[in-house]
Amino acid sequence: MEHIKNDIVVSGMRPTGRLHLGNYFGALRNFVELQNKYKCYFFVADLHALTTAAENTENLAFNSKQMVIDWLAAGLDPEKCSIFVQSHIPEISELTTLLGMITPLGWLLRNPTYKEQLNELFRKKYAGQEDKIAAEKMAMLTEAELSEMSSFGFLGYPVLMATDILIHKAAYVPVGQDQTAHMEIARDTARRFNDIYDTDILVEPKPLFTSIPKVPGLDGRKMSKSYGNTIELGEEPEAVRKKVMSMFTDPNKQKANDPANPDGCTVFAFHKIYNPDFEKRAQECRAGALGCVACKKHLFELMEKEITEFNQRRDFYAKDEALLKKILSRGAEAARESASKTLAEVKKVMKVL
């Protein structure tokens, strides 16, 4: 396909479990739009999944496959973009090693998400034991404890992430407004490499800001597998209906004709996504013209057709194992061709022959 622009876009997702509507509206729907404009490489980040769960890999292959099926059902077209599994591109691991040789340890230790994610791992490890662990202990771990829980791969994951981007000379990486810090190491790595070896081989990627609608979970918090508040892609309509009917609403609305505040209401947040007349719904809510049960039923009616059509497309791909293998094989072939060129250039200037 001839794209509107020849610029390269790269992005991926970790296969840590089933995708949900937060993933769809937060990233996947944007992937579908980008494939029509740019030369895109979209990858299943299975190596990144190992950085926090190397001891739990029994579902890694299954989750990777299900993710690809979801991508295809959502509209990613292998004729328009390259879809591949990260570990199927050995050049990524080799370039990660080479770039790791020039990455200062201080960059990795100062990575703002490093301690945040370690603390999250700590909380998961001791989930249910909060009463036995002092609050300050949960909030602040000692350096020794952080080191014990960390690993070479976890600390160095920003180098792997930078490699994912730099190996294809991506011009852009789609991110939300709050994710620009994630790209800084990739940009710094490209700049440092080019300075050290007096070259312009590696391209400094730019953020491609995307508009991401806020998709709350069933309980009003951020939709997340760890909270157990998700609507997964591929769920049966009846299961989704039950979840919609359980969504949080304004607790101050006791009767159907009581006026309520749609701001902060989980159901209304979904109306803003699925209902083109959501402003009218907000007025009805504030006026007490509609009860929460009726509002939820209407929301599901708006969602049902899209859910059913998605599931039909998903079933088509899930039943065709040969087609999935062909798509991933073609994607890996294209990705390896791109990656091998960059790796060869890097090894040449580093004199690693």
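Which residues lie nearest the centre of the second largest pocket, and how many residues line it?

**Figure 1. Overview of the predicted chain, with its helices and strands.** The chain has 353 residues, and buried residues make up 46% of them. Its secondary structure consists of 16 helices and five strands. Among the contacts in the chain with a separation of 6 or more, 79% are accounted for by residues 24 or more positions apart.

Figure 2. The buried residues begin with Leu60 and include Asn63 and Ser64, and they continue with Gln66, Met67, Val68, Ile69, Asp70, Trp71, Leu72, Ala73 and Ala74. After the helix comes Gly75, which has a positive phi, near 125°.

**Figure 3. Close-up of strand 3, residues 81-85, and its pairing with strand 2.** Five of the five residues of strand 3 are buried, and therefore the strand is largely enclosed by the rest of the structure. In a regular strand the side chains alternate between the two faces of the sheet. Here Cys81, Ile83 and Val85 point one way from strand 3, whereas Ser82 and Phe84 point the other way, and all of these residues are buried. Strand 2, which covers residues 39-44, pairs with strand 3 in the parallel sense over five bridges. Within this pairing, Phe84 of strand 3 is the bridge partner of Phe43.

**Figure 4. Close-up of the second largest pocket and its lining.** Rolling a probe the size of a water molecule over the atoms shows where empty space is left. In the second largest pocket, about 460 Å³ of space is found. The elements that give two or more residues to its lining are helix 2 (46-53), helix 4 (90-100), helix 5 (105-109), helix 9 (152-155) and helix 10 (157-166). Helix 4 gives the most to this lining, with four residues. In answer to the opening question, the pocket is lined by 18 residues, and those nearest its centre are Thr96, Phe152, Gly153, Gly156 and Val159. Sorted by class, the lining of the second largest pocket has 10 nonpolar and eight polar residues, with no charged residues.

Key:
Residues are numbered from 1 along each chain as its sequence is written. This is a predicted model: local features need pLDDT of at least 70, side-chain atom pairs count only at pLDDT 80 or more; totals for chains, interfaces and linings use all residues. Side-chain values use heavy atoms; hydrogens and water are left out. Buried means under 20% relative accessible area, exposed over 50%, partly exposed in between (1.4 Å probe, protein chains only). Two strands pair if DSSP finds at least two bridges between them. On a 1 Å grid over the protein atoms alone, a cavity is a set of points where a 1.4 Å probe fits but cannot get out, and a pocket is an open set with protein on both sides within 12 Å along at least five of seven lines; lining residues have an atom within 4 Å of a point. Grid points are joined across faces, edges and corners, and a volume is the space filled by probe spheres set on the points. Ala, Val, Leu, Ile, Met, Phe, Trp, Tyr, Cys and Pro count as nonpolar, Asp, Glu, Lys and Arg as charged, and the others, Gly among them, as polar. Contact means heavy atoms within 4.5 Å.
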